[in-house]
Amino acid sequence: MNPDDPTATEAVLDDSAPLPIGHLVIVGNGMAGQRLVEALVQRHGAPRRITLIGAEPCPAYNRILLSPLLAGEMEREALTLRAADWYAERGVELILGERVERIDRAARRLTTAGGREIAYDRLVLATGSTPALPPVDGLELDGVHAFRDLDDAAALTAAAERGGRAVVIGGGLLGLEAAEGLRKRARAGMSVSVLQRASRLMNRQLDATAAGLLEAELAGRGLEIITGADLERLEDDGRGRVCAVRLADGRRLAADCVVLAIGIAPSVELGRQAGLEVERGIVVDDRLTSSDPAIHALGECCEFEGRTYGLVEPIWRQVEVLAACLSSRSADDTTPDDETPRYVEQPCAAKLKVSGISLYAFGPIESDDDHETLTYHDPEHGDYRRVLLRDGHLEGAVLYGDTAAGPWYFEQSLAGRDLSACRQALLFGQADARALLDATHSATPHPATPHAQDRSPQEEAA
Ligand SMILES: Cc1cc2nc3c(=O)[nH]c(=O)nc-3n(C[C@H](O)[C@H](O)[C@H](O)COP(=O)(O)OP(=O)(O)OC[C@H]3O[C@@H](n4cnc5c(N)ncnc54)[C@H](O)[C@@H]3O)c2cc1C
């Protein structure tokens with residue numbers, strides 16, 4: 001750590017504090033790895049030495065903003081999270097452009113592709129994920145891209161600038177952001193088709209009505225949306241370049257550029273090679289500890305209670321838990337004390353980053369027999385809201401158009417609040433619903449709340 005940092009000195013001088021971890025090595029300089037460093041350098045009792053190793057050649061950047069970057073709405077520089085000297089100033093060793101290839105758990109040592117050997121006391125794997133690949137021929141052809149990193153964004157930008165025809169495979173959040181990005185970026189125009197295997201766009205987040213509104217909006221902007229599309233293969237032009245996408249029903253879509261956006265697969269190779277327990281992701285407990293107590297996994301590469309991750313919100317909560325676990329520990333002590341926080345799964349809300357389109361969704365899409373469904377639809381303004389209640393408690397919401405109430409719905413759902421009292425105003429947003437809730441609350445005598453006539457003048461005034 002930075003020897004000039006007064007907090008570091010304080011931690012070392014305090015005899016009663018447990019010794020910090022000696023050398024922490026983090027593999028993966030992506031959003032999770034970088035956020036962990038950010039959290040650790042602010043903590044007392046952080047590891048004495050931190051090394052961050054990333055396969056990408058540049059310091060961590062905001063991957064979420066690749067979509068506006070492709071669309072030409074942001075500059076590359078705005079994505080960088082911290083410049084290289086930020087790490088140096090905090091005593092963090094940053095090794096870029098080097099992939100870690102092997103972990104020797106017995107020796108607590110790892111080896112990079114460049115032959116560098118690094119010993120660790122504690123190791124964090126934050127290796128993210130790679131694009132999932134459909135099981136079809138032609139994926140190796142030139143002109144076939146993923147949308148995961150800066151190189152992909154640069155390749156797609158170049159393709160958009162050349163124009164022609166693009167086919168995006170996948171009608172989820174990532175596929176739609178890629179499709180709109182290509183369309184907007186193409187100065188000379190580009191015909192962009194989106195192939196979605198399911199019967200509607202964003203079928204994991206949207207119900208049929210909201211998906212229909214979204215499809216109509218995107219089609220109005222010039223995207224061709226094909227749902228129920230069963231991909232058969234990508235065709236070679238005879239020179240190793242993609243020239244078409246073939247569907248199982250015989251349809252052939254000419255293509256100069258194909259984008260694969262059907263999902264992600266956690267990057268688990270390193271964990272598997274090291275002999276850690278791996279299912280879809282590297283299996284961790286609620287302290288983000290793998291089957292080896294000296295190794296943690298974090299972010300899209302990990303799996304907790306059978307779940308893997310694809311949004312940053314749960315990853316930020318994982319970072320807080322792991323940063324607490326990695327602070328104020330002895331290098332030999334791999335057992336967290338009972339006060340260390342534990343990671344708890346929570347639902348997440350989905351948003352689409354396409355300018356001019358606002359949607360917000362969380363919770364189950366399909367209602368069951370015990371759900372009460374409330375719906376508001378104003379086709380004139382393109383506003384749609386649908387909430388699912390169970391015994392007065394909000395379990396899910398889909399909002400399209402005016403999404404202002406979305407975060408409040410989400411908050412109420414997380415809090416498990418009984419909203420029966422404001423049921424009739426729920427679809428009109430927070431202000432109306434809250435007024436009813438407050439009125440009911442103040443009309444209900446609470447044993448701990450004195451009646452108005454019992455209050456002192458100061459309490460009344462307050
Ligand atoms: C275009 C796009 C838009 C997105 N939009 C949103 C959004 O709006 N909201 C949202 O919540 N999420 C969004 N996401 C998802 C979000 O970016 C990820 O959830 C997040 O980046 C995951 O962080 P991570 O650190 O686990 O993985 P990553 O950020 O992928 O970082 C992993 C890093 O590890 C490196 N690495 C892998 N293996 C090794 C190795 N062996 N040695 C060294 N380094 C290695 C990789 O090169 C990479 O740099 C988006 C993703 C993309 C691609």
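**Helix H10.** I began with the buried residues of helix H10 (residues 406-415) in this predicted model. I list Gly406, Tyr409, Phe410, Gln412 and Ser413 as buried. They sit on the same side of H10, because they cover an arc of only 165 degrees around the axis. I then checked the face turned away from that buried side and found the exposed residues Glu411 and Ala415 there.

Which strands do the buried residues of H10 pack against? I noted strand E22 (359-362), strand E24 (383-390) and strand E25 (393-400). After the helix comes Gly416, with a positive phi near 65 degrees.

**Domains.** I looked up the domain assignment, which gives domain 1 (6-130 + 265-325), domain 2 (144-262) and domain 3 (358-442). For domain 1 and domain 2 I have 33 Å between the C-alpha centres. Their contact involves 9 residues of domain 1 and 13 residues of domain 2. On the domain 1 side, helix H3 (residues 66-70) gives the most, with 4 residues. I sorted the residues of that side into 5 nonpolar, 3 polar and 1 charged.

**Ligand.** I went on to the shell around the ligand, which holds 33 residues. The closest are Gly28, Gly30, Ala32, Gly128 and Gly299. By class I have 15 nonpolar, 11 polar and 7 charged residues in the shell. Helix H2 (31-40), strand E2 (49-54), H3 and helix H9 (312-325) supply at least two shell residues each.

Where does the ligand lie relative to domain 1 and domain 2? Both domains give residues to the shell, so I place the ligand between them.

Terms used
Residues numbered from 1 in each chain as written. Predicted model: local features only at pLDDT ≥ 70, side-chain atom pairs only at ≥ 80, totals over all residues. Domains from an automatic or database assignment. Contact = placed C-beta atoms within 7 Å. Nonpolar A, V, L, I, M, F, W, Y, C, P; charged D, E, K, R; others polar. Near = placed C-beta within 6 Å. Buried ≥ 20, exposed ≤ 12 C-beta atoms within 10 Å, placed from the backbone. Arc of directions from axis to C-beta.
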